[in-house]
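Here's a quick briefing to read with the model open beside you. Start with the ligand sites, then move on to a few single residues.

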Amino acid sequence: MQRRKKQLSPKVRRWALIAAAALLVGIGVVAVWNAVALRQAVDRRTQQYLEDVSSQSAQLIRSRVDGAMNQLALVAEDLASGAIAPNALHNRAALTNFDELAVVGPEGGTPFSDAFPVNLGELPAFQSALNGTRVFCPLPEKDGFLYLIPLADGQGSGVLAGVKSDAKMRAIIDNGCFNGQGSTCILDSSGTILVSPTQRPFSVLIAATDYSGSEVWAQKMRQDLQQSQAGSIVFPTGDGKEVLLDYRPIGDYGIYVATLIPRDLIAAEVELHARQAVGFAVGVAVLLALLGAAGVVFQHQTQAQMRQVVFSDPVTGGHNNAYFLWEGERLIRQKPAGGWAVVALNLKDFRLINEVKGEKVGDALLAQVYHTLLQQLGEGELAARGEGDTFYLLVRSPQDQLAARMEDFSAQLRAINTAMGFLRVSQGGCSVDPAAPDLSAAERRANLARKTVVAEYPSSAALFDAPFAARQQEEIERLKELEQAFAREEFCIYLQPKYRQRDGRPEVAGAEALVRWVHPRRGLIPPGEFIPLCERTGLIRQLDLLVFEKVCLLLKRWAEQGLAEVPVSVNVSRQHMKTARFLDNYRNILQRTGADARCLELELTENVLFTTREIGEARDLIGHIHQLGMRCSLDDFGAGYSSLGLLKDLPVDTLKLDRQFFVGSLDSPRSQAVIRSILSLAKTLNIESVAEGIEEEGQAAFLWEAGCDLIQGYLYAPPLPTAAFEALLPPSDN
Ligand code: C2E
Ligand code: CA
Ligand code: CA
């Protein structure tokens, strides 16, 4: 038996060995084949995702460019019909999001400011525009884009030209793709980068790549770009890796969107897993089945990981806006029935929370908001974080229920207690046409509506609906009227006297210049009715300078007529203060008019939201005002959350106590004590004090007694036409 066994066993062993070897080879072949197939599948998927992201970017940019062209065409029509004057184009630029607009005759020329020093006559594109083509092209040797359309008469009489800086285009591509591992750029037809994103892991690579080479990929890209075709290439980088680049044209403008990612973005990970799979398979045949199952699971995971990389928001752990746009439009197309709407939601005072409590706390709050919003959403609805502290929601609500839905959101969020009290938000909503869903347009409109929300609690939401669109239109009409007012010089100044007490009697000691609009039909319009619109459109700077110039001319005339020259103060808007080198204009006017700077005072409004850096800037600004020889006052002190701490940092000459300080409050000993101590603090710091809006004898008596230097208010005089004010002035002593 034993012998027999011994005889048999080599045979059995041989067969077993052969079978095992065959099995091994079989498993090996299957495993290798599987790994190769997996790798190919991942390559294909990488490519597919890249193409999807790239085409999405191209579509987005195309729609922005076309939108800008249409706006330009509307402006051209308004020019042709005379609805706007060519010299008022800068206001329209602010409304249409252009940096500058200009009308250019057939001879060309350099129509823009020094920021865009381009000579249009030298551009071939300019000729095409004269011949009737709409042109969108990069500015030569300058960071920006040029939009040209022929003037509406179609006679080749010139073009309307607009410029936008790169920053606007960059904001579109900055959305970031593949979680920062890839990037999107804009190229011209020679492959030169026109705009690259702020964070650019790979655009450096494209820039450093030589497309003139004879490699197959270089030839293909050159050819494609010349023929305005989309395509993709793989090319090697200096460090032995490979990059996948997809490019596609934006309309017929000769400009391309290029998106690139490392080729092994997912493949490297896949390879490791595949190798482990081979080792595993060789061990046990039974595992073959398991391996198959693992392969399926793994493929699912890869897909999930891919989505995670492209569509996630690292701050909230949820979705980003790219996902929102993509998935949202897909959802709507899937179930087009019923009302769809986009809500844009922004946190109030988030900047403050970040500033005071630090970014970590800020980020945690963003995550909390996101998850709170998620809980409010139903089946098939979406939430994502957009830029900064803005969130977007896609909800299934007919227009008449949208407001209630938004009220629910803010009610839920109000329950969150932040470092600055309970969380408040502003929201805008816009319904979406399910037949042609355009979510980025809906986001833009929802934001437009949101920005009109007044900071008041509890109503914190607005809808972009027909009445809203009508109001937008009305605002454009009002803006036209305001522009005409500048052209027709319909503004004048009133002077409100400031009084001091001498020998127990009030005596004129200065004035504040206040602007009035003398409307041909409506009569005298107070500033409260037009300054907000001036502020929204940037016209406020023009208005401030106009008032300043009128005051300078007036002072000059007083000097010549031998009237006593009392100091006159002029308001400077907050927006103006933020403009770089804004004092240059004031210096020029001073020089041109020859007014005595010592008689001028600029009124700046205080701002509790000053950050440390801004306080530094405000201090420098006051220094420059002093260098020009003018005085400087802090206006509306006490109207908001005033901070006495500001007086320590800002070397102002005058403190103007706001009317709110005095209205109905002087009866309480507590208020009196507060005002007394502010006045005495001002005295100690050698700061002149002015009480504004004084209407009652009792208020004045208290203020004189408490040591207030000057009083301005209806009790003594309202704002007066200049002639009436001059009648109050004594003749000059000299
Ligand atoms: P403000 O700088 O605080 O100017 C004082 C306002 O209080 C003036 O209103 C004045 O008429 C009003 N007022 C004066 N005394 C009394 C009083 O006893 N009782 C009451 N109830 N009101 C009094 P006005 O002229 O309507 O100006 C409103 C605001 O418009 C100004 O507030 C200022 O912020 C702005 N403003 C006026 N002119 C200009 C300007 O040229 N440039 C800028 N940026 N803003 C201006
Ligand atoms: Ca003022
Ligand atoms: Ca004031």
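This is a predicted model: local features need pLDDT of at least 70, side-chain atom pairs count only at pLDDT 80 or more; totals for chains, interfaces and linings use all residues.

Residues are numbered from 1 along each chain as its sequence is written, chains are lettered from A and ligands numbered from 1 in the order in which they are written, and side-chain values use heavy atoms, with hydrogens and water left out.

**The calcium ions**

- The calcium ion (ligand 2) has E512 (OE), N571 (OD1), E603 (OE) and D635 (OD) as its protein donors, at 2.1 to 2.3 Å. Donors here are N, O and S atoms within 2.8 Å of the metal, or 3.2 Å for Na, K and Ca; water is not among the atoms, so sites may look incomplete.
- Along the sequence, the spacing of those donor residues reads E-x58-N-x31-E-x31-D.
- N571 sits in strand β20 (residues 568-571) and D635 in strand β22 (residues 631-637), so this pair links parts of the chain 64 residues apart. Strands are DSSP runs of E with at least two residues, helices are runs of H or I with at least four, and both are numbered from the N terminus.
- How accessible is N571? It is partly exposed, at 25% relative accessibility.
- D635, by contrast, is buried, with a relative accessible area of 5%. The cut-offs are under 20% relative accessible area for buried and over 50% for exposed, with partly exposed in between (1.4 Å probe, protein chains only).
- For the calcium ion (ligand 3), the coordinating atoms come from D635 (OD), D636 (OD), E692 (OE) and E692 (OE), at 2.2 to 3.0 Å.
- Its donor residues follow the pattern D-D-x55-E in sequence.
- D635 is in strand β22 and E692 in strand β24, so the two tie together parts that are 57 residues apart in sequence. Both D635 and E692 are buried.
- Which residue coordinates both ions? D635 does, and the calcium ion (ligand 2) and the calcium ion (ligand 3) are 3.8 Å apart.

**Around ligand 1**

- There are 22 residues around ligand 1, and Q496, R516, D544, E695 and Y714 come nearest. To be near, a residue needs a heavy atom within 4 Å of the molecule or strand in question.
- By type, the shell has nine nonpolar, five polar and eight charged residues. Ala, Val, Leu, Ile, Met, Phe, Trp, Tyr, Cys and Pro count as nonpolar, Asp, Glu, Lys and Arg as charged, and the others, Gly among them, as polar.
- A polar side-chain atom of R516 lies 2.9 Å from an oxygen atom of ligand 1, and a polar backbone atom of Y714 is 2.8 Å from an oxygen atom of ligand 1.
- On the nitrogen side, a backbone N or O atom of V515 is 3.2 Å from a nitrogen atom of ligand 1.
- Ligand 1 has 800 Å² of accessible area on its own, and the protein covers 80% of that (Shrake-Rupley method, 1.4 Å probe).

**E695**

- E695 is in the loop between β24 (688-692) and α22 (697-705), and it is partly exposed at a relative accessible area of 40%.
- Leaving out residues up to four places away in sequence, E695 touches R659, Y714 and L715. Contact means heavy atoms within 4.5 Å.
- E695 and E474 are 221 residues apart in sequence and 37 Å apart in space, C-alpha to C-alpha.

**Positive phi and a buried serine**

- Most residues other than glycine have a negative phi.
- N97 has a positive phi, near 70°; it lies in the loop between α2 (89-96) and β1 (100-104) and is partly exposed at 44% relative accessibility.
- D503 also has a positive phi, about 50°. This residue is in the loop between β17 (491-502) and β18, and it is exposed, with a relative accessible area of 75%.
- Is S410 buried or exposed? S410, in helix α12 (residues 399-414), is buried at 4% relative accessibility.
- S410 touches V425, Q427 and S460, again not counting residues up to four places away in sequence.

Definitions and conventions:
A polar contact is a pair of N or O atoms within 3.5 Å; within protein, one must be able to donate a hydrogen and the other to accept it, and residues adjacent in sequence count only if both atoms are side-chain atoms.
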